[in-house]
Amino acid sequence: MKRVLIVGAGKGGTALLKLLNQMERMFVVAVTDINSKAPGLSLARSYGIATDQKWEDWIHKDIDIVIEATGEEKVFNQIREVRERSTVVIPGSVAYVTAELLEDKESLVQRLKQQTENQHLILNSIHDGMIVIDEFGKVSFINRSAERIIGKERASMVGSPINEIIPDSRLPQVVASRKEEVNQKLTLDNGKKVVTTRIPMIGGDHKIIGAFAVFKDITEVVNLAEEITDLKEVKTMLEAIIHSSDEAITVVDENGSGLMINPAYTRITGLTEEEIVGKPATVDISEGESMHMKVLRTRRAVRGVRMKVGPSKKDVLVNVAPVIVDGKLKGSVGVLHDVSEIQALTSELKRARQIIRSLEAKYTFDDIIGDSQEMTLALEQAKVGARTPASVLLRGESGTGKELFAHAIHNESKRRHNKFIRVNCAAIAESLLESELFGYEDGAFSGAKRGGKKGLFEEANHGSIFLDEIGELTLPMQAKLLRVLQENEIIRVGGTKPIHVDVRVIAATNVNLEKAIMSKDFREDLYYRLNRLPIYIPPLRERKEDVELLTDHLIQKLNEDYGRHVTSVDEEAFRILKEYDWPGNVRELENIIGRAMIYMENMEDTIRSEHLPRLRKASQEKDKQQGEAPWLGETLQQAVDEYEKNLLADAYRTHEFNKTKTAKALGISIRNLYYKLDKYKLDKDSMQDYS
C-alpha cells in the first residue's frame with residue numbers, strides 16, 4: 001500500500017482526496033495547505049485524515065508519493081529538493097487534469113444515476129408488472145405493479161430465486177432456451193390470473209445475462225367476461241340440464257305462471273308443456289294447495305309436502321324453493337318425487353337390509369318393531385342394560401322377541417366386536433349340556449375329541465352368551481352356572497384347573513321363576529344373580545297398537561321369502577288382526593300373515609279379510625286348553641295340515657333345528673321330514689326371527 005501526502009487542499013487537492021480515499025492501494029497520510037479554511041482540509045478531517053499548514057513537517061515521514069496540488073512551480077521545486085530519493089513527486093498540472101477528469105466522471109455518474117432513476121420511475125409507473133432475473137435465476141429488479149399483483153414486499157423478493165416467489169414461473173427456462181414466450185396464461189399462488197410475456201436478455205457478446213417478464217393482471221377481466229357471457233348460451237345449458245334430469249322439475253315466475261317443465265314432470269303427471277307453460281301454478285293440482293303459490297307468498301321453501309297432481313291424481317312428494325336474485329323474488333322451482341317409486345326403493349332397501357342381516361345373523365334395536373308405551377319402556381331398559389356389564393334377564397312369553405333383544409343388547413354394548421353365542425338350554429340334552437357350555441379335557445369321556453374341546457363360555461370370552469330357556473336348566477347345571485357368574489371361571493369336564501372367562505350373560509325365560517323357586521325347581525341365589533337387570537317384554541295382546549307396524553314389517557320380510565309383492569292390508573283385515581289376542585305373539589302374527597300371502601293370487605297386492613284364516617277368540621282358546629277343538633269352518637284336511645305344520649315347527653325348534661334329531665323324535669324318515677319342511681316352508685332363518 002502506498003503512503004500519500006497531498007500538498008494543497010484547493011479544488012484539485014479536494015478532487016484527488018475523494019479519488020484516493022476510494023482506492024484500496026492508496027493511503028493518504030495527511031493533507032496540507034497554508035490556508036486553514038481550504039475545503040480539502042475539512043474533507044480530510046471528515047475522513048479521519050491528518051491535516052496541517054506545513055508540508056515540511058510531513059515530507060520525511062515515510063512518504064511514497066507526494067502530490068503537489070497547489071499549482072505553484074516554486075512549491076513543486078522545493079518539495080523535489082528536500083524529498084527522499086525513493087519519494088515520487090507529482091506536479092500540480094497533473095493534479096488539475098486529474099481533478100477535471102474526476103469532475104467529468106462525477107457528472108457522468110450523476111447523469112447515469114439520473115437516467116437509472118428515470119428508468120425506475122417509468123418502470124414503477126406502468127400498470128403492468130415487471131420482474132427481471134439474472135442468469136442464475138435470482139430476482140434483480142421488480143416494479144411496484146408486480147409487487148401489488150404478487151402481493152409481496154419488494155425487499156423480500158429481490159435477491160431471491162424466482163421459483164420461490166412464483167413456483168410456476170418459466171423465466172429460468174427462458175434463460176436456458178434463449179427463446180421468448182409471448183402472451184402466456186399463469187395463475188399465481190394468491191389466485192390471481194395473469195397474462196405474461198417472457199424475454200431473454202442477451203449481451204453484446206451474445207452471452208445470456210438474464211431474462212425479464214412483463215405481465216398483466218386479468219383477474220377482473222376474466223370475472224367480468226364470466227359475468228357477461230352470452231346469456232342465451234347459459235339459458236340453453238340450464239334448460240339442457242333441467243331436461244336431462246330424472247327429477248321432475250317445474251319452474252314458475254314471480255306471478256305464479258308456468259315457465260318450464262321437464263320430460264320427467266310430464267312422465268309423472270301426464271301434463272305437457274302446452275298445459276303448464278303460461279298457465280297458473282294451480283293448473284296441475286288435483287288435491288291440495290299449490291306449493292308454488294305458497295312459496296311466492298311466504299318467500300320460504302317447503303319440503304316433503306304430499307299431494308296429488310295431474311289428471312290421474314298421481315301421489316307425489318313436493319319440494320319447492322324460491323328463486324331470489326339480488327334480493328328480489330323472481331319465481332320458484334319445484335321438484336316432484338313419485339311416492340310409488342319411493343315406496344319401491346324403500347322396499348328394496350328393507351329387502352337388502354334383511355339379506356345382509358341374514359348373512360351376518362345380527363340384529364340391532366332398529367330391528368325391534370314397536371312404538372307402544374310398553375315396548376318403548378322395554379327398549380329403554382334394554383338400552384340402559386347394554387351400556388352396563390351386568391347380567392340381563394329377558395322375561396316374556398314365547399314369541400315376543402326375546403332373542404332379538406339379546407342381539408340388540410350385545411350389538412349396543414362395548415362387546416359388540418366380539419362373539420355372540422346363542423344357547424337354547426332346553427334343546428340340548430342334559431348329558432351334553434355341561435360339556436357344550438364348559439368344554440372338556442382330552443379323554444374326559446368315551447368319544448371325547450382328542451385334545452379336548454373349548455366350551456361355549458370359552459368361545460364367548462370377551463363377548464356375550466345368550467342362554468335361552470334358562471328356566472329349563474337342572475339344579476346341578478344351575479349350580480355350575482352360578483359359579484361362572486360368581487367367580488368368572490369355568491372348569492372343563494374331566495379337568496381340575498379353573499379357566500378365567502370374561503363373558504356377559506344374557507338369559508331369557510318364559511317360565512315364572514318366582515314360582516319355580518317356591519317349588520324348589522330353581523335356585524334362589526342364581527335367580528338373584530341373573531335378575532339384576534330384568535326386562536319384561538310385553539306380549540302382543542298388551543301392545544295391540546304395534547300390530548300395524550309389525551304387519552308392515554312382516555309383509556316386507558315375507559315378500560323377500562316368498563317372492564311376492566304385497567304392499568298393504570285393508571281396513572277390515574286390520575280390524576280382525578287388532579281384535580285378536582295373539583296367544584302365540586309375534587310368531588303367530590308372522591304365521592297368519594304368511595298363510596294369508598300364500599293363499600293370495602300372484603297379482604294381488606292387498607291382504608283382505610277373506611285371505612286370513614279364522615282366528616280363535618279367547619273363549620275358543622280356553623276350550624282348546626280344556627281339550628275341546630272347536631271347528632273354525634275349515635276342511636278336515638286344512639285342519640290336519642295346520643296341526644301338522646305347528647307340530648313340525650315346535651319339534652324342529654325344540655331340537656335346535658337339527659333335522660336328524662327332529663326326524664328321529666317324530667318317528668319319520670329324514671327324507672320325509674325334508675319333504676314336510678319344504679311343503680310348509682319351514683326354515684331355520686324364518687323361525688329364528690322371534691324367540
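Strand S6 (residues 129-134) is largely enclosed by the rest of the structure, because 5 of its 6 residues are buried. The model discussed here is a predicted one.

**Strand pairing around S6**

Two partners of S6 can be described. With strand S10 (residues 208-217), S6 pairs in the antiparallel sense, and 6 bridges connect the two strands. Within this pairing, Gly129 has Phe215 of S10 as its bridge partner. Strand S7 (residues 139-142) also runs antiparallel to S6, and 3 bridges join these two. Here Ile133 stands opposite Val139 in S7.

What do S6 and S7 form together, and how many residues are between them? They form a hairpin with 4 residues between the strands. One of the residues in the turn, Gly137, has a positive phi of about 85 degrees.

**Salt bridges**

Side chains that carry opposite charges can pair when their charged atoms come close. The structure holds 34 salt bridges.

| Salt bridge | N to O distance | Relative accessible area |
|---|---|---|
| Lys314 and Asp338 | 3.5 Å | Lys314 27%, Asp338 7% |
| Glu610 and Arg608 | 2.8 Å | Glu610 54%, Arg608 29% |
| Asp650 and Arg653 | 3.4 Å | Asp650 44%, Arg653 18% |

Lys314 and Asp338 form a salt bridge in which the closest N and O atoms are 3.5 Å apart. Lys314 belongs to strand S15 (residues 314-325) and Asp338 to strand S16 (residues 328-338), so this pair ties together parts that are 24 residues apart in sequence.

In the salt bridge between Glu610 and Arg608, the closest N and O atoms are 2.8 Å apart. Glu610 counts as exposed, with 54% relative accessibility, while Arg608 counts as partly exposed at 29%.

Asp650 and Arg653 both lie in helix H26 (residues 636-654), where they are 3 residues apart, about one turn of the helix. Their side chains meet in a salt bridge. Asp650 is partly exposed, but Arg653 is buried.

Salt bridges can also be linked to one another. Arg170, Glu181 and Arg198 are connected in a network of salt bridges.

Terms used:
Residues are numbered from 1 along each chain as its sequence is written. This is a predicted model: local features need pLDDT of at least 70, side-chain atom pairs count only at pLDDT 80 or more; totals for chains, interfaces and linings use all residues. Side-chain values use heavy atoms; hydrogens and water are left out. Buried means under 20% relative accessible area, exposed over 50%, partly exposed in between (1.4 Å probe, protein chains only). Two strands pair if DSSP finds at least two bridges between them. A salt bridge is a side-chain nitrogen of Lys or Arg within 4 Å of a carboxyl oxygen of Asp or Glu.
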